[in-house]
Amino acid sequence: MGSSGTVDLKDVWKMLAHCAPGYTARSTKHHWRITYEGRTYPSLPLGPHGRRENPLIEVGHIKRMARFLGILDCAKAMLPVLA
């Protein structure tokens, strides 16, 4: 079964600060590039076109990133919508 729902980007940053201390985030034209402990997740979306102050990010993208970075259990504890 697929994940559905969205999370505010500011909540994603809080989760990363807690679960992946020392991570870096760099924006590219269409995505955020998240690096943690030598692994780089290159495709966390910036959000929909237009004003991107605090966009909603789909749960599937966050879950995929957390799994790739090895922080999925912590991410689920911080963001219950991922469970």
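Three aromatic pairs are counted in this structure, which is a predicted model. In the pair formed by W13 and Y23, the ring centres lie 6.3 Å apart and the planes meet at 15°. Because planes under 30 degrees apart count as stacked, this pair is described as stacked. W13 belongs to helix α1, while Y23 sits in the loop between α1 and β2 (24-27), so the pair links parts of the chain that are 10 residues apart. Y23 is partly exposed, with a relative accessibility of 21%.

The next feature is the nonpolar core. The largest core has 24 residues, and those touching the most other members are V12, M15, L16, I62, M65 and I71. Several elements contribute: α1 (9-19), β3 (31-36), β4 (39-45), α2 (59-69) and α3 (72-78) each supply at least two residues of this core. Leaving aside residues up to four places away in sequence, M65 touches V12, M15, L16, I34, Y41 and L44.

The helices themselves come next. An α-helix has 3.6 residues a turn, so residues three or four places apart point the same way. In α1, the buried residues are L9, V12, M15, L16 and C19. Viewed down the axis of α1, these buried residues fall within an arc of 110°, so they line one face of the helix. The face turned away from this buried side carries K14 and H18, which are exposed. The partners of the buried residues of α1 are β1 (6-8), β3, β4, β5 (56-58), α2 and α3.

Helix α2 can be read in the same manner. Its buried residues are V59, I62, K63, M65, A66 and L69. They cover an arc of only 165° around the axis, which puts them on the same side of α2. These buried residues pack against β1, α1, β3, β4, β5 and α3. After α2 comes G70, with a positive phi near 80°.

The structure holds one disulfide, which connects C19 to C74 with an S to S distance of 2.1 Å. The angle about the S-S bond is -80°, and the link is left-handed. C19 is buried, with a relative accessible area of 8%, while C74 is partly exposed at 26% relative accessibility.

Two loop residues complete the picture. Most residues other than glycine have a negative phi. E37, however, has a positive phi near 45° and is a residue other than glycine. E37 is located in the loop between β3 and β4, and its relative accessibility of 68% makes it exposed. K29, found in the loop between β2 and β3, is exposed as well, with a relative accessible area of 68%. Not counting residues up to four places away in sequence, K29 touches L46 and R52. The C-alpha atoms of K29 and K76 are separated by 28 Å, and the two residues are 47 residues apart along the chain.

Key. Residues numbered from 1 in each chain as written. Predicted model: local features only at pLDDT ≥ 70, side-chain atom pairs only at ≥ 80, totals over all residues. Heavy atoms only, no water. Core = buried A, V, L, I, M, F, W, Y, C linked by side-chain atoms within 4.5 Å. Buried < 20%, exposed > 50% of the residue type's maximum accessible area, 1.4 Å probe, protein only. Helix = DSSP H or I, 4+ residues; strand = E, 2+ residues; numbered from the N terminus. Contact = heavy atoms within 4.5 Å. Disulfide = S-S within 2.5 Å. Phe/Tyr/Trp six-rings, centres within 6.5 Å; stacked < 30°, edge-to-face > 60°. Arc of directions from axis to C-beta.
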